[in-house]
Amino acid sequence: MGISRREFLKIAGASAIVGLGGISAIEILHPGQFEASQVSRGPKALVGKRWAMVIDMKKLDKQTMQKCIDACHRIHNVPDIEKPKEEIKWIWKETFEHAFPGQEHEYMGEDIKHLPLLVLCNQCDNPACVRVCPTKATYKREDGIVMMDMHRCIGCRFCMAACPFGARSFNWRDPRPFIKEENKEYPTRMKGVVEKCTFCYERLAVGLQPACVEESKGAIIFGDLEDPDSEVSKILHSKYTIRRKSELGTRPSVYYIV
Amino acid sequence: MHEEWKTLFDPSSPKQVPLVRKFFDGWKVTIGLIVFLGISILPFLFDLGKAAPPPPEPKIDTPEIQKMVEKKCIEPKSFMKTEHMVMLDDWRDWYVREGRSIYTATDGKQYNISLSNTCMKCHSNKKKFCDECHNYAAVTPYCWDCHIEPKEEG
Amino acid sequence: MLETALKGSRTYWSWVIFLLAVIGVGFISYIYQFRVGLGITGMSRDVSWGLYIGQFTFLVGVAASAVTIVLPYYLHNYKKYGRIAVLGEFVAVASVTMCMLFIFVDLGQPLRVLNVLLHPTPRSVMFFDMVVLSGYLLLNILCGWYVLGAERKGVPPAAWIKPFIILAICWAPSIHIVTAFLYQGLPGRHYWLTAIMAAKFLSSAFAAGPSLLIVISLILRRFTRFDPGWEAIQTMAKTSLYFLIVTLAFYGFELFTAFYSNIPGHMHSFKYLFTGIHGYTKLVPVMWICTALAAVALPILIIPQARRNETALGFAAVATFLCLWLEKGISLVVGGFIPNPFERVFEYWPTIPETLITLGVWGIGFFILTILYKVAVSVKEEAIFDKYGERQVRV
């Protein structure tokens, strides 16, 4: 073998130290294997600094909402579990009084109180879930998306306690039997991990808008808040929009026109 | 050395101490040792008399690969054989955590970073390609708990 | 010293076998949970923590409460606690072990637990909690075992152990403060979002811990030749009493803040716990039993004549322990999740397998405690005390 004992010990020692930092021994044994290669963004990838969404409830009817939900859940293999206790949802309908608790009042008409809204992960700019995750399984990407790394999640559910929007679901059992039609292009989840909406990061990577945006017939607008010329920026500048529980300081990136 | 042991190993010593008598609860200890030994060699006992399992023969003869003009993987075969797990590990971090979805191989060709949509599009025979070796080496990667494996006959 | 745990009476062995049976049943239930997933528990999308995390929270307190014995003994030279200091430390060892097991059984992907070390994340309180708990476990094993060993040899403990003992004393409150931080730093969970949480955690722990030690001491007095000392038991009763009063006062402060400010979000959980909301009342009996237990324990502990009565004291100690267990081990965690962020109510009640796993972990805790106490008692039975019952003198 080409390695002397001394060399081996050096590598073993170094890998024991560096291994904690996430670099494997193999990368040291084969230096440059991966350096020669490159990873990059796709040529068509949508790139932003802080992705955000404006949901115009005036333009959304019930059927379109359902279409948005169905498209999202179909594409992402979100299981359809009837037991409310174990339900998994990425985007769903919630009435005004429950989506914006404290904003309703007793003189409000039933139709406004019970007006269905679309709710999903708010992709907060200051996410409490990311702060509490003990393994960085949930983290904020450079473009503002609060991501889930399903490979790393240990299922402690601290993020579910921390999220003030109830946006996170846990896989209380193997979700596969509850997926009617699998989308082979996208993974399912395994039991024991937390999941949520990811702003369709996998679609942005190939230049597509999030699935719900595509289905919404213009009622949901998606764009970059850091870009003053983006449509979302212009709407937020000119129209009255509200966010869920903005008083908690998590700075949600999903805005509503009600 | 302890006094007793000294006398034990010294043949000229007038007071040889029999070893077994000094064993308190000797039979209990012996039974315990036998049980322990039995349990520890259990895996070997199970395999006793059985022929060694045949070495794995992963198949790369899928229709997709047959159609290829130049039958090669994204990196050299020898490299893929030993390093595919490291590569997949890096891939998932690059794609999921860093949002970088294109891998430029050593030969300059570009590939989408995706287990299901890149690797398994050619290697559509998970049973004969992945499982063959993984079973032999008794490793159980949990890729397929989430990533959907290609439909296979049988 | 461990060999002393292998020789014991019929009662001792029956107890050990009983515990092993409980552990076995718990283990089988855990295998079921491991295969199927946490869906076998009563937890849900809305109440995503339940009995397991409640037990964890409560037991961190019990572990921390060893300091109520160790501190007066080592820092104030309170000699009455000389005989039981090690008992406090061993309670801490058993409790921290249970805490870790409760976290483990609560994980959705338990095999990935080492990810916490592989990707250390100092901004996460959970990460800190794991660090301080492991540290506290090691410190207590070290101090307890070493001091007991010295006692057995009939020599005073060497000086080098002293810094570790002092470190353990400082460390004890930190484990419970960090555990409180798990809850009190979360936006949008009004029941937990209160600065007094850490203080209330410590006070309820320092009431529950000594009450457990009182019960254990009374049992030891009855079943072994080792007497922890009547004076020591009385002092523990007073500690428990004062901290129980402080805990109840803290709870009262919370009620005042919620109801005088009259902010709906701050009142919701209290209303759910004590009266139920929208007809959901599963935890109402728990809270009223809890209140009743406090009402029973308090006068017994306050009135000197009652406190000095062995039976009454035992009763009060059990009541205190149960009261605080119901409050912290069940209602605190569940109550924080109800109503959910949409102000809807989804209730929680543990399932049978979940309860069996919980009992199994408690079984492991009591098993560890039994073994450690057997060793400690065997060592201490050999020692006799001078006429003041303070210094131990060899036979």
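## Sheets and the A–C interface in a predicted model

An open sheet of three strands runs in the order β1(A)-β1(B)-β2(B), with antiparallel pairing; two strands count as paired if DSSP finds at least two bridges between them, and strands (E, at least two residues) and helices (H or I, at least four) are DSSP runs numbered from the N terminus. Its edge strands are β1 (38–40) of chain A and β2 (110–112) of chain B, each of which pairs on one side only, and the twist averages 25° from one strand to the next. Three bridges join β1 (residues 102–104) of chain B to β2(B) in antiparallel fashion, with B:Ile102 standing opposite B:Asn112 in β2(B).

This is a predicted model, in which local features need pLDDT of at least 70 and side-chain atom pairs count only at pLDDT 80 or more, while totals for chains, interfaces and linings use all residues. Residues are numbered from 1 along each chain as its sequence is written, chains are lettered from A and ligands numbered from 1 in the order in which they are written, and side-chain values use heavy atoms, with hydrogens and water left out.

A further open sheet of three strands, in chain A, has the order β9-β2-β10 with mixed pairing. Because β9 (220–224) and β10 (254–257) of chain A stand at the edges with a single partner strand each, one side of each is left without a neighbour in the sheet. The twist here averages 20° from one strand to the next. Strand β2 (residues 51–56) of chain A is joined to β10(A) by four bridges, the two running parallel, and A:Val54 stands opposite A:Tyr255 in β10(A). Helix α10 (residues 231–238) of chain A packs on this sheet, touching β2, β9 and β10 of chain A, and its direction makes about 110° with that of β9(A); axes are lines fitted to C-alpha atoms, for helices over the stretch in contact, and angles run from 0 to 180 degrees between N-to-C directions.

Between chain A and chain C, 52 residues of chain A are in contact with 43 residues of chain C, contact meaning heavy atoms within 4.5 Å. The buried area, that is, the accessible area (1.4 Å probe) lost on being put together, summed over both parts, is set out below.

| Item, chain A with chain C | Value |
|---|---|
| Buried area | about 3900 Å² |
| Share from carbon and sulfur atoms | 54% |

In chain A, the residues A:Ile154, A:Phe158 and A:Trp172 lose the most area to chain C, together 17% of what that side buries. Two salt bridges are found across this interface, the criterion being a side-chain nitrogen of Lys or Arg within 4 Å of a carboxyl oxygen of Asp or Glu; the side chains of A:Arg157 and C:Asp106 meet in a salt bridge at 2.6 Å, N to O.

Conventions: Buried area is the accessible area (1.4 Å probe) that two parts lose on being put together, summed over both.
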